[in-house]
Amino acid sequence: MEQYKKMMSEISPSKDLIEDTKNKMKGGDFKMSKKSIIILAAALVLIIAAGAIIIPNITENSEVPYDGPLVFQDGAGAGAMQKLFFDPATTHEEMWTEAQVFSYLGSDFRPSFVPAGLSISPQSEYFIILTNDGTMAYGVFGAYYFEDGNEEMDAKRLSIAVSKDALPITCTIYPTDKSAEINGVSVKAGSVTNEFGTKLYADFIYNGIGYTVTGDNLSEKDFSDVVLSIIK
């Protein structure tokens with residue numbers, strides 16, 4: 001309210017303009033000058049702006065606090081970077097189809113719930129690295145969802161990275177010391193905040209598949225619902 005009073009006190013036409021307006025009204029010859037119109041229009045804009053500023057300050061936050069099963073640890077910084085190297089003399093690359101990936105993992109790893117406004121990025125091939133004797137050296141597969149029509153850095157995003165029997169090897173690892181049990185599965189979750197918003201992440205192994213789920217600028221409830229849709 002003090003902010004409103006301060007802004008209203010600044011909306012003050014000149015004394016000469018006020019006196020001139022009074023005289024014209026008494027004589028029945030009231031006509032608004034261009035200067036009057038400009039000042040009155042400016043006053044109206046300031047009043048509207050004051051209302052726009054005041055409303056968020058006096059309105060209670062309507063967002064319901066998260067009270068779900070995940071326990072998010074504040075990472076308080078970026079995750080550590082991992083360097084990946086595979087000897088080209090002993091390994092080779094291949095591209096797998098979606099059917100090959102699902103057959104290798106034993107199931108479709110994608111979540112059944114996706115937050116509103118996000119769409120999956122189509123992917124027809126998956127990159128892998130095998131040793132020359134046919135053993136999997138690098139088999140990390142992903143599903144990536146992006147906010148419709150928003151390509152900014154602070155847009156909403158969701159990514160699911162998986163590998164067989166172990167947590168996926170990714171370029172970035174985040175601190176996750178706290179854990180919660182969901183349907184008998186231990187899930188470590190946390191958050192990192194930077195200039196582009198908040199990143200939520202969760203690591204767990206379910207049905208022989210290791211998951212790293214990350215969500216940018218998603219609510220904790222939506223992120224939790226994604227994880228719950230995987231751990232059925």
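## T212 and its surroundings

Leaving aside neighbours within four places in sequence, T212 is in contact (heavy atoms within 4.5 Å) with S159, I160, A161, P168, A202 and D203. T212 sits in strand β13; helices (H or I, at least four residues) and strands (E, at least two) are DSSP runs, numbered from the N terminus. At 12% relative accessibility T212 counts as buried, where buried means under 20% relative accessible area, exposed over 50%, and partly exposed in between, with a 1.4 Å probe and protein chains only.

One of those partners, D203, also meets T212 through a polar contact between the two side chains, at 2.8 Å. A polar contact here is a pair of N or O atoms within 3.5 Å; within protein, one must be able to donate a hydrogen and the other to accept it, and residues adjacent in sequence count only if both atoms are side-chain atoms.

## The model and its confidence

Before going further, a word on what you are looking at. This is a predicted model, in which local features need pLDDT of at least 70 and side-chain atom pairs count only at pLDDT 80 or more, while totals for chains, interfaces and linings use all residues. Residues are numbered from 1 along each chain as its sequence is written, and side-chain values use heavy atoms, with hydrogens and water left out.

The chain averages a pLDDT (the predictor's confidence in each residue, from 0 to 100) of 76, and 64% of the residues score at least 70. Over residues 1–13 the pLDDT is below 50, and this stretch has 13 contacts in the model beyond near neighbours in sequence. Residues 34–63 also stay under 50, with 17 contacts beyond four places in sequence. Where pLDDT is low, the predicted coordinates should not be read in detail.

## Overall make-up

The chain's secondary structure comes to five helices and 13 strands. Of its 232 residues, 31% are buried. Among contacts with a separation of 6 or more, 63% join residues 24 or more positions apart.

## Strands around β11

Strand β1 (residues 72–74) pairs with β11 in the parallel sense over three bridges, and Q73 stands opposite G190. Pairing requires that DSSP finds at least two bridges between the strands. β10 (residues 179–182) runs antiparallel to β11, joined by four bridges, with A180 opposite V187. Two residues lie between the strands of this β10–β11 hairpin, in which N183 takes a positive phi near 50 degrees.

Seven bridges link β11 to β12 in the antiparallel sense, and a hairpin joins these two strands through two residues. K188 has D203 in β12 as its bridge partner; D203 is also the residue whose side chain meets that of T212.

F204 touches, among others beyond four places in sequence, L167, V185, V187, Y211, V213 and V227.

In α4 (residues 98–105), V101, F102 and L105 are buried. They lie on the same side of the helix because they cover an arc of only 95 degrees around the axis, taken from the directions from the helix axis to the C-beta atoms. A99 and S103, on the other side, are exposed. The cover over the buried residues of α4 includes β3, β5, β7, β8 and β13. G106 follows the helix, with a positive phi near 100 degrees.

## S163 in β8

S163 belongs to strand β8 and is buried, with a relative accessible area of 9%. A polar atom of its side chain lies 2.6 Å from the backbone oxygen of A166 and one lies 3.5 Å from that of L167. Beyond four places in sequence, the contacts of S163 include L105, P168 and I209.
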